[in-house]
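Subject: Structure handover

Hello,

Here is the structure you asked for, with my notes on it below. Please read them with the model open beside you.

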Amino acid sequence: MKIMLDAGHGPDTIGKQTPDGKMKEFEFNEVVAQFVKNELTAFGLIVMNSHNRERDVPLKERTNLANKMGVDAFISIHANAYGTIWNSVSGIETFTYTKPSEQSIILASLIQTSLCSITGRSNRGVKKADFAVVRDTRMPAVLVECGFMTNNNEATLLQSIEYRKRCAKALVFAILCWIQQKR
């Protein structure tokens, strides 16, 4: 089983940060992706990254790589934002493409349930969107938003190693459950 992890955006993406500038979104995404990769690899899965710590990888390059490698699932990890100033919007949401495969829906539901359960954050639901990483991939694909950088409380969580590890554990649990149900 091959899984591709995508730490959304990149180290140089402008504007993807907390309102106070203390955390860039990629910092959260990349650390969580690495925790997930380490755990899934320990379970014997082949795990690849579509992102690069040194540069912003264009979306087309990410999806082309996933399709070329023939991975079984593509998971894009993000921290959300609502506007650019502090506000009260909070919670976790998981996205599939607007016309998702059955397996994308199952994977998204497992991830959403697991993340909300393990983190205790509010459940904003599984949603559909025309995001390139879920549209242009030929395998089950989801984009997960692990909390809002524009919510002061969630921004503090997103910056903590404990919360990052909890998000990673939730993702690993959901991915393993998804693999198990496919057998």
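Two strands pair if DSSP finds at least two bridges between them. Keep that in mind for T96, which stands opposite K128 in β5. Please also note that this is a predicted model.

The sheet

Six strands form an open sheet, and their order is β2-β1-β3-β6-β4-β5, with mixed pairing. β2 (46–49) and β5 are the edge strands; each has a single partner strand, so one side of each has no neighbour in the sheet. On average, neighbouring strands of this sheet are turned by 20° against each other, direction ignored.

Strand β1

How many of the six residues of β1 are buried? Five of them are, so β1 is largely enclosed by the rest of the structure. The chain crosses from β1 to β2 by way of helix α1 (residues 25–42), and this β-α-β crossover is right-handed.

Strand β1 covers residues 2–7, and four bridges pair it with β2 in the parallel sense. Along this pairing, I3 stands opposite V47 in β2, and M4 stands opposite M48 in β2. β1 also pairs with β3, again in the parallel sense, over five bridges. Here M4 stands opposite F74 in β3.

Helix α2 (residues 59–69) lies across β1, β2 and β3 and runs at about 175° to β1.

Strand β4

β4 is mostly covered, with five of its five residues buried. Which residues lie on each side of β4? I92, T94 and T96 are on one side, E93 and F95 are on the other, and all are buried, which leaves both faces of β4 covered.

β4 has two pairings to look at. β4 and β5 run parallel and are joined by four bridges. β4 and β6 run antiparallel and are joined by three bridges. On the β6 side, the bridge partner of F95 is L143. On the β5 side, T96 faces K128, as said above.

Helix α3

β4, α3 and β5 make a right-handed β-α-β unit. Helix α3 spans residues 102–119, which is 18 residues. From its first C-alpha to its last, α3 reaches 26 Å, close to the 26 Å expected at 1.5 Å a residue.

The buried residues of α3 are S104, L107, A108, I111, Q112, S114, L115, C116 and T119. These buried residues pack against strands β3 (73–80), β4 (92–96), β5 (123–128) and β6 (141–148), and also against α6 (161–182).

After α3 comes G120, whose phi is positive, near 75°.

If you want an order for going through the model, start with the six strands of the open sheet. Then turn to β1 with its partners β2 and β3. Finish with the unit that β4, α3 and β5 make.

Regards

Technical notes:
Residues numbered from 1 in each chain as written. Predicted model: local features only at pLDDT ≥ 70, side-chain atom pairs only at ≥ 80, totals over all residues. Heavy atoms only, no water. Expected span 1.5 Å × (residues − 1). Buried < 20%, exposed > 50% of the residue type's maximum accessible area, 1.4 Å probe, protein only. Contact = heavy atoms within 4.5 Å. Right-handed = clockwise from strand over helix to strand, strands pointing away. Axes fitted to C-alpha atoms, helices over the stretch in contact; angles between N-to-C directions.
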